[in-house]
Amino acid sequence: MYLDHFGLKELPFSITPDTSYFMNRSGYQDALNVLLVAIRSGEGFIKVTGEVGTGKTLLCRKLLNTLSEEYVTAYIPNPYLKPATLFLSIADELNVRYAHNTRQHTLLKNLRKALLEFHKKGKRVIVCMDEVQAMPVETLETLRLLTNLETEKSKLIQVVLFGQPELDVVLEQPSVRQLRQRITFAYQLMPLNREAMADYLSHRLVTAGYCGEKMFQGKTLEILYRASRGIPRLINILAHKSMMAAFGRGEKTITNQHMQLAIEDTEDACHWQKAGLIDRFKSSLGWVFGGVVVLSLILGGTLLDLQQMVSWIS
């Protein structure tokens, strides 16, 4: 592709959640720190929410890679599970043996026995669940049963929930209020601001082996920020496509034209750019309309004063 053209070792803007590209700044390092502190506390559920494409899965994998050998971890990427299937998935992740057609009650007993064994060995068990906003409510309620597995002094398992903002709506339902009350730590991942986005682009390029001049700068960065709204996944898609456009023209600096081609080829970005233009047009109309009103009042007042003066002279 364009690796040799730009002097890169690998593609810098893949949308695969590669932890080698984790950026130790903005809200991401803060989020990781909150998760590590919360896990060390050993209490309840932990919740991380963020819009689509803000890097929840990358954060989840970074957390799993950061935890020491003191922890035993399980990762559940598919949340759309029935209660019994959820326990089976966790048991599989933790290498817990169970008989075929095991009932939920028996499976919970086997899980508790395995967790007690981990506890005796000084191990702590962490279950990370992705895209939890899509989990059926009855499964969410069943999930609470996991936190009932405990000794007199500590929980035998901790659960970290990753989900879109819709997860908060789901947790407002009365049927899962007991689970909601057990969420002891929460963090919301936000899109990158304009400055953080520029650092993000540089970080990924350097990580991929780039050592040339600034590739994205000036107005091009502003166009990218408006179209992506600071969402890392969209930034990656647009940066990749704009680099392809530059490569196709034999150029090594990304221009406004390259970025515009990338935006027009990306439905979500194109939609938001058009929406932004409409909003700015409406705003401009508002200023024009307001100016006309003020000018009319001024002129109207002036004409009124002139009429009064002519009447007084007469």
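## Basis

Local features in this predicted model need pLDDT of at least 70, and side-chain atom pairs count only at pLDDT 80 or more, while totals for chains, interfaces and linings use all residues. Residues are numbered from 1 along each chain as its sequence is written, and side-chain values use heavy atoms, with hydrogens and water left out.

## Nonpolar cores

A nonpolar core is a set of buried Ala, Val, Leu, Ile, Met, Phe, Trp, Tyr and Cys residues joined through side-chain atoms within 4.5 Å. Buried means under 20% relative accessible area, exposed over 50%, and partly exposed in between (1.4 Å probe, protein chains only). The largest such core has 56 residues, and Leu 63, Phe 216 and Met 243 touch the most other members. Helix α2 (residues 26–41) gives the most to this core, namely 7 residues. Helices (H or I, at least four residues) and strands (E, at least two) are DSSP runs, numbered from the N terminus.

Leaving aside residues up to four places away in sequence, Leu 63 touches Leu 32, Leu 35, Leu 36, Ile 39, Cys 128, Val 160 and Phe 162; contact means heavy atoms within 4.5 Å. A second, separate core of 36 residues includes Phe 87, Ile 90, Leu 94 and Leu 156.

## Helix α4 and its packing

In helix α4 (residues 83–93), the buried residues are Pro 83, Leu 86, Phe 87, Ile 90 and Ala 91. Seen down the axis of α4, these fall within an arc of 135°, so they line one face of the helix; the arc is that of the directions from the helix axis to the C-beta atoms. Their cover includes β2 (71–76), α5 (104–120), β3 (124–129) and α6 (137–143).

The axes of α4 and α5 come within 10 Å and cross at roughly 25°. Axes are lines fitted to C-alpha atoms, for helices over the stretch in contact, and angles run from 0 to 180 degrees between N-to-C directions. The two helices, α4 and α5, are therefore roughly parallel to each other (angles under 35 degrees).

## Positive phi in loops

Asn 101, in the loop between α4 and α5, has a positive phi of about 60° although it is not a glycine. Asn 101 is exposed, with a relative accessible area of 65%.

Glu 131 is found in the loop between β3 and α6. This non-glycine residue has a positive phi of about 55°. Glu 131 is partly exposed, at a relative accessible area of 26%.

Methods:
Angles under 35 degrees count as roughly parallel, over 145 as roughly antiparallel, 65 to 115 as roughly perpendicular and the rest as oblique.
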